[in-house]
Structure formats: C-alpha cells, structure tokens
Amino acid sequence: MITEQTTNAEENPRDAARLCLAAVANAPLPMVTVQGERHIVRYVNAAFCELVHQPQEELLGKPFCEVVPHQTECVELLDRVLHSGRSESHLEQEQHELHPGFRSYTLWPVIADERPVGVTLQVTETARLQEEAVAMNEALMVGAVHQHELTEAAERLSAQLKAEIAAREAAARDLAEKARLLDLSNDAIMVRDSSNRLTLWNKGSEQLYGWKSEEVLGKDLHTLMQTEFPKPYEEIIAHLHNSGNFSGEVVQIARDGRRITTLCRWVLDPETNSILTSYTDITERKKAEEGLRRAQAELADRALHLERLVDERTAQLRETARELESYSYSIAHDMRAPLRAMTAFARLVQTEHGAQLDETGHAYLGKIITASQRLDHLVTDVLNYSNVSRRKLMLHPVDVEKLLLDTIRGQPEFQPPAADIEVITPLPPVIGHEASLMQVVNNLLANAMKFVLPGTRPNVTVRGELREKDVRLWFEDNGIGIAHADQQRIFSLFGRLHPATEFEGTGIGLTIVRKAVERMGGTVGVESEPGRGSRFWIQLRKADENEANSPASGR
Ligand code: ADP
C-alpha cells in the first residue's frame, strides 16, 4: 500500500504529501475514550480491542485499570489530563519479551460544558510507528526532492516572469511616452490595419475630427470620414505598397459635418501592413489660397482692363496732342503774316509819316515794333519746337565739327569782336539729324552769348569727349552761371530764370534742345555754379566708319 503511494508520489510530489498525511490520520491506531474519575471505558476502536485481545463488549463500561491491568503509569496520565484539561503524550518501553519495543500514548481531554469529563487515549506501538515514520519519511524525501526541483523551477519561472514583466513595463512606458508625444502633436495621427480599421487615434485626431478614440477604434477610417482622394484609391494603395509612402491632399467630413481639407502622409509598416497616417488641416490655407487665386485673377482682369483703358486714353491723348500741335502750329504759322505786316506798317509809319508824330507817338510806335518783334520770336520758337517734335527724323552720321564751324561762321554775333568761340578739334562724327542738330548748337551758343554780365565779352569753348559708344559735346561759357536747384527746370517749357527786361527770351530754347537731342536718341545736361560760367553738354551716339555712309533709322 505504501509502496504504491510512493510510486504515485514520484509522479506528483504534492499528492504524495497529501497521501502521507491521510495515512497518519486514518491509521488504524488503537484508541479508547474513558469517562470520569474512574476512567470508565466509553469507546474503543477495533485496533484497541486487538491490542488488548478483548472484544469491545468486554471493555465498554469497565474502569480502564481493569481492562488494561499493570498500567498504573497510564492511569496517572489519564488522571493528569482529566484534571489539567491539557493534552499530553508519553513514550513507554514495553515489557514484552517477545515483542520488545516502545509504546507511545497520546491523550487529550474530552470537554463538555467547558470542563474535562473524560480522556481519549491513542496508543501507537513503536514498531508500527517506525514503519509509518519510514513510509512517511520516504514520501517526505521524495516530496522534498520534488519540492526542491519545484522551488528551483518556480524560481526560474519567477525570474523569467519578472524579466518579462519588466520588459512589458518598459514597453508599456515606451508606448505611453510615444502616445503622449503623439498626443502633443497638433496633427491628427492615426494607425489603421490592413483592413483600414483604426487601431490608434491621437488627441490631434480627436480635436480635428471630433470623434473620441473609443468611438472610432476598430472602424473603417475612410467610410467614417467619407474621404475624397485626389486619384483612385486603388492607385494610391498600389503606390503605397511600391514606395512605402504616399502624400497628398484629401477632403474629409468631420463629425459635425464640416468639410476639411488635409495634407495627408501615409507610411506603410511592411511587417504588419499597418498604415501610419498623419493629417494636417490645411482648410484655412486652401481657402486663403483660393481667395488669393481669385484676387489675383480679379487683379489680372482689372490690370488688363486698366491697361486697355490706358492704351485707349493714351491713343486718345496722342490724337488730341497731335491735333493740338497741328492746331497751335497752324495758329502760330497764321499769326506770323499779320505780325510781320504790323511790324512792316509800323516801320512805314515811322519812316514816311514820322514827321507828323510827336515824341510820344514815336515812343508808342517803337513799343508796337518791339512787342510785335517779341511776338514774332515767340511764334518762331513755337514753330521750331513744333517742328522738332513733329517732324520725322532720319538719323545718319553727321560731321558735327563741320556743322559747328559753319554755324559759327554764318553768324556775326558768334564771332569776334562780339564773342570768342573756340572749337577744339577734331570732333568725332555723331548719329543725328543735321537740321535738328544745327538748331541745338545754335540755341546753346545763342544762350552763351546772351547770359553774360553786362560788359563781359562772351567766351565759349566747344570740346568733344568719347564715352564708350557715345560722344559728349561740351559748351563751356563764362556766363552768369545757374544755381543747382534751377538746373532741371531750365530744360522745361517756359523755364526762364530771369525777367525779359533783364535777359530777353521766350523760355523755349533749351526745351527745343532737349526735345531734339532726345529724338536723336541722346541726352542733355548742365554743370554750373552762379558767377562761374556754365558747362552745357549733349550726348549722342558716336558714328563709326561703317555707319558713315548708311542712313540710320528715324525715331
Ligand atoms: P530763353 O533763352 O529764351 O530764356 P531758354 O530755354 O533758352 O530760354 O533758357 C531757359 C533759361 O535758362 C534762361 O532763361 C536762362 O535763365 C537759363 N540759361 C540758359 N542758358 C544759359 C547760360 N548759358 N547761362 C546761364 N543761364 C542760362
């Protein structure tokens, strides 16, 4: 029986321990219960009957000392337990010759109404006890070995579990940190599995679309948000699987029905086929861009409209200016004949009827002649200006040196003793229009003669200077000079600096110079200081040898 249990125990040490305890508890140990001071036997078990070799009915109701004679020590023990109410055990050497050994007594009180009324005695013979103990020891040893193995295995398991728990805790911390970082992002970040079902939904997604994480996890993302893609979905997925990512603009519907335009970026996790997606709200930017596009289109429309309007108005103005020019030209032209007639008749009256006039009459007549001469100059200048502005200019190389010398020679007021004009030669030829250039040279020299202090003999030097592809002609005089602030104004129409009583003139001469030079493709200017003379200049394109014989285009 014990051997069988030991075999089972090898299979399961815990069961072995349990079986050992059961063997002790259920051992058929002799047991007797006595009552009262005389220790009347009230209960005996079969083992006890066998121990004392008497049937049960012989034992019950008799004092213990009668049924078990020569047991004074045992009776003393029964007395002690009955009186003290405490359990006791006792080991006794047996006086049996055939079966030398020991007996162990275990006694415990029987309590009724909280006081001991009897004693239960259990007897164990040492031989039996040893047998039981050996069996139990064996079982316990097997149990201990298994216990040791179990402990080791449990320790190993526990260490593994601890490591696993630590790793899981670290992973959980890591995941929580990542989730926290994801939540910090303003962008909507989500993860969906290969079937489009959402597995992660950060705070940014919650804020952008309005759904809480628990409402959307496990749902189909695109059905939920009715995503409108820039191209067919299948194409996008094919691209994603080829390149691992996709980005583009999509339109989605939020929980409250708002249409949101987002810039989406998808990244495919090749291991799980999950897709990490992030969406940036660009609705406002798109609206702004759309607004900008509309405003630009409107602006372009308006600019076009304005351009047309300006073109139309410019054409109208040109037409009006042309009409005015030709009108003023014809008026100026028509004014000349009566003006000259007035001057001529005034002179006739002076010469043929002068005797009949007194001093005042002569003075009036003189004023008429002066005024009509002034008016004639004005008309002549207006006509010259008109000519310079309107006439078609055929540009060609002009020998400016010859032109200058001819002009000086042709007018006595440009020559000594009236004035000294020196032309420093040679002067390079320029591209220009001869008549216009003559007018320019004439006006500049005439001014140099005019704007000198009384009693000063005009002195002018004309020199040329090469400036890359241009020639600059300088006219340096010893006149009254011009303040820096007036140096631009004098080139505009009627930009006179002095009254006619001081220096006569019309205020058109330099305007003609500027207009003519500009029409020949050149520029004009002056350097001067009051009282230190002036250095007027005109700059025109230099004519080279190849161009010398070919006519240049008109402007
Ligand atoms: P006008 O000679 O009929 O007055 P211009 O247009 O030729 O008109 O000249 C405009 C003004 O420029 C002159 O009134 C004069 O004040 C100034 N000016 C022109 N040339 C000279 C010069 N060489 N020296 C000083 N001032 C000048």
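Which exposed residues does the face of helix 6 turned away from its buried side carry? The points below take up this question and then turn to the cores and the aromatic rings.

1. Basis of the note. The model is predicted: local features need pLDDT of at least 70, side-chain atom pairs count only at pLDDT 80 or more, and totals for chains, interfaces and linings use all residues. Residues are numbered from 1 along each chain as its sequence is written, and side-chain values use heavy atoms, with hydrogens and water left out.

2. Helix 6. Helices (H or I, at least four residues) and strands (E, at least two) are DSSP runs, numbered from the N terminus. The face of helix 6 turned away from its buried side carries T72 and H83, both exposed. Buried in this helix are C74, V75, L77, L78, V81 and L82. After helix 6 comes G85, with a positive phi near 75°.

3. Nonpolar cores. Such a core is a set of buried Ala, Val, Leu, Ile, Met, Phe, Trp, Tyr and Cys residues joined through side-chain atoms within 4.5 Å. The largest has 43 residues, and L437, L445, F475, F536 and I538 have the most contacts inside it. Helix 15 (residues 434-450) gives the most to this core, with seven residues. Apart from it lies another core of 23 residues, including V41, C49, V81 and L121.

4. Aromatic pairs. Rings of Phe, Tyr and Trp (its six-membered ring) pair if their centres lie within 6.5 Å; planes under 30 degrees apart count as stacked, over 60 as edge-to-face and the rest as tilted. The count by this rule is eight aromatic pairs. The ring centres of W201 and Y209 are 5.8 Å apart with planes at 40°, so this pair is tilted. F229 and W266 are edge-to-face, at 5.9 Å centre to centre and 85° between the planes. F229 lies in the loop between helix 10 (221-225) and helix 11 (233-243) and W266 in strand 9 (residues 259-268), so the pair ties together parts that are 37 residues apart in sequence.

5. Charges over rings. The criterion is NZ of Lys or CZ of Arg within 6 Å of the ring centre and within 35 degrees of the ring normal. R472 lies over the face of W537, at 3.5 Å from the ring centre. The charged end of R535 sits over the ring of W474, 4.0 Å from its centre.

Definitions and conventions. Buried means under 20% relative accessible area, exposed over 50%, partly exposed in between (1.4 Å probe, protein chains only).
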